[in-house]
Every structure is written in C-alpha cells, then in structure tokens.
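Hello,

Here is the structure we talked about, with notes on the ligand and metal sites below it.

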Amino acid sequence: MLIERGEVLVCSPGRNFVTLRLVTSDGVVGLGDATLNGRELSVASYLADHVVPLLIGRDAHAIEDTWQYLYRGAYWRRGPVTMAAIAAVDTALWDIKAKVCGLPLYQLLGGRSRRSCLVYGHASGRDLPELFDSVRGHLELGYRAIRIQTGIPGFESVYGVASVAKSGPRYDYEPARRTAVPVEESWDTRAYLRHVPSVFEAVRNEFGPALPLLHDAHHRLTPIQAARLGKSLEPYDLFWLEDVTPAENQEALRLVRQHTTTPLAIGEVFNTVWDYQTLIREQLIDYVRSAVTHTGGITGLRRIFDFASTYQIKSGIHGPTDISPVGLAAAVHLGIAIHNFGIQEYMRHSALTEEVFRPGYSFVDGGLVPSEEPGLGVDYDDDVAKNHPYEAAYLPVNRLTDGTVHDW
Ligand code: GCO
Ligand code: MG
C-alpha cells in the first residue's frame, strides 16, 4: 500500500489549523495535525514544498522508516516547524495503519491501560469572584482537575486570563489575535509572586483540600524566583506547577528542584527527546508537557514517555485549543495506552471547530475516552472548512513595565 497523495489543509474556524491528509493507493485516508500557533504557514510550506513530494510512492506502512527519513534525512533536524511537519505525517500514517487493521488506534499502541484519560480544564478570572465562578462552572461540567489563573492587580491583561469577561463556564481564552502585528502585554514578576499564593489560599478555602489544582507560570521566572514560587505554593498542594523557567536551560531546574516539593511540569515548547535529556535523567520534573503535534507525532512522543517512565515521570500532554481535534485525538489514543499516564489538558474546541473536524472522542466524568472507530476517529469536512480561510494571527509579545521584552 503506497502513499498516493498528500494535501495540506489550512482553515480558520475561529482560529487557524494546519492539517495533513494522506491518501493511499487503496484509497485509505489518514489525518495529522501540524498546527503551530502564530506560525501556521511555515509548517504548511515545509509540508507542501519539502515533505509531501518525498512521500509519494512510499510504503504507507513504514512508519518508523518514514520518521527517520524525514528526521535524519533532512540534515537540518529538530525545531518546531520540522517536528510539527513530521508529526503530521507520523499521525496520518498511524491513522491509516489502524484503519487498515480495522482497529481504534490505541489498540496498535498496546491496548487500553485505563478506562479514560483524566483531564484538567482552565478556570480563570480577572479577580477572585470571577475565578470562583469559572471554577464552579467547570465543576458543573464534570471536570475533576482545574488549572487556576488570575489577573494581577494593576495589570490589564495577563497570560491565561481572558481580556474580556466571558459569560458561562467555557474557557475560551485564545491568546493568538488576528492582528497584523502581535499585541503587546505587560508584566511585573514581583507583583505576580506577591499575588499568586493569596489566590491559591482563597481557592483552597473555598473549594477544599481535595480538588487537584494546577498553575502555569508560562516561562516567566528566573530559577531563584521559580524556587520561591514553588515553595510558597507548597501549603496548597498543587498537582503541578508548569513552565516555571524558560526551560531550554535544563540545568536551571536543578536549583528549583532543590528548594521545593511542588511537582513540576515542563515541555510544551519542546520538540524531541533530546530537549528532555537532563530534565528526565536527573529527575528534575514530574510531568512531560509535550503534544503529539509538536514532537514528531505518536512515534516521537512515545519515545519521550518511555524514557520518562524509567524515572517515574508521567505524561501531561499539552492540549490547548491550538492543538486541533486531530492532535487531541492522537493524544487520547496514546494516553489511554501508555502506563505512565498522568493527566491530559482539555480546553474544549468551539462548536465551529468541531463542525470542521468531527472528533469521535468523548468527555465522560471528567475524562476523555477515545473513539472506537478504526483509526484516530476524526473526520475533516472540506465543505465547512472552505468557508473559513486562513487569517493571520499572532501570539502576544510581553514587555516589563520599563519596556524590556520579556518571555511571554
Ligand atoms: C497551555 C499553554 C498554552 C499556550 C499556547 C500557545 O498550558 O495550554 O501554555 O495556552 O500559551 O499553546 O500557543
Ligand atoms: Mg502552558
């Protein structure tokens, strides 16, 4: 069974998505997600100009060989654009193989290790009353673990908090804006560090000790600031504290780790197992945050999880709305199969997105359950998609109050 055709599909049902569709000589169709928020067209070009032409006529079953061919064979290896493109090919080939076998994809990854993948949702508010409403809304929807983000007094917009108040429980903060240049936000680390512990104290007082709570510092702290934050949050028993430092400096986590027992999660901007080498070998983190979409697909992420499992480090797959339903479906198939599953991020796509991508996974009792259809269990509707063409959008740029560019 040979790969006969590859189509790169770009659509924007409220936000941009890049999808690869591979079609075999037997007419079997596979889908892969290649969405890289704010840089979508670079991956679309990498796929259309440099990858799809190499796939035509290749054995559709040779997943590992194709992965190595695209990774080692490119000479210029790693990086988010390359690894998102490889991810899309890899995921589409797994989708095809599972369809040919007539099995849901997780069966090819070893079968079920659990009934469902526990997820966490995103509660946010500019202040405590708004945050509490958002937490309650999530609990009513059935969430059993919740990420907590709030505004910082004196700051207009802060990462993870919708800039306009939203009614209803759905968390639909999408940081990428459809503007010609990125919007700019501002930041003060000292104000943040003073504020966050009081937020968690209030949430614990209101919602009790049992609810798993998470928090994302979004790469903004130095190692010593991160250590202080981890320590100050210890009384509130976090499930994890995410991306405390810009972790391309893996050794920085040694200092953080020496000072706090708050569990740490890192990796949404990582692309390969090499990005985790020190973090995993020295047991500097507790959860691996990568997405199938950004780490070379199921093949690439499985490699990272297997390495992590030898150190009791668990999965925490990145699942914001910029991972398409195709990428999320792949995550759920992988998460249900691996032994070292931790938790899955689940923000919920808009109804319009789910009209373009018809996902077969379901949200039951606070967890995601994969589709039982052969393959990934996601269909792409070209007719709906063509009414929603690409629109340029950027993630924000962050500045300190004196104007210095800071990590966003
Ligand atoms: C998360 C993330 C996202 C990112 C987004 C960037 O934890 O889900 O931090 O919200 O900001 O994926 O495109
Ligand atoms: Mg994050």
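A pocket here is an open set of points on a 1 Å grid over the protein atoms alone, with protein on both sides within 12 Å along at least five of seven lines. A molecule sits in one if more than half of its atoms lie within 2 Å of its grid points. The space taken by ligand 1 is the largest pocket.

This is a predicted model, in which local features need pLDDT of at least 70 and side-chain atom pairs count only at pLDDT 80 or more. Residues are numbered from 1 along each chain, and side-chain values use heavy atoms, without hydrogens and water.

Ligand 1 is surrounded by 14 residues (a heavy atom within 4 Å).

The magnesium ion (ligand 2) is coordinated by D216, E242 and E268 at 2.0 to 2.2 Å; donors are N, O and S atoms within 2.8 Å of the metal (3.2 Å for Na, K and Ca). Their spacing along the chain is D-x25-E-x25-E.

Regards

Definitions and conventions:
Chains are lettered from A and ligands numbered from 1 in the order in which they are written. On a 1 Å grid over the protein atoms alone, a cavity is a set of points where a 1.4 Å probe fits but cannot get out, and a pocket is an open set with protein on both sides within 12 Å along at least five of seven lines; lining residues have an atom within 4 Å of a point.
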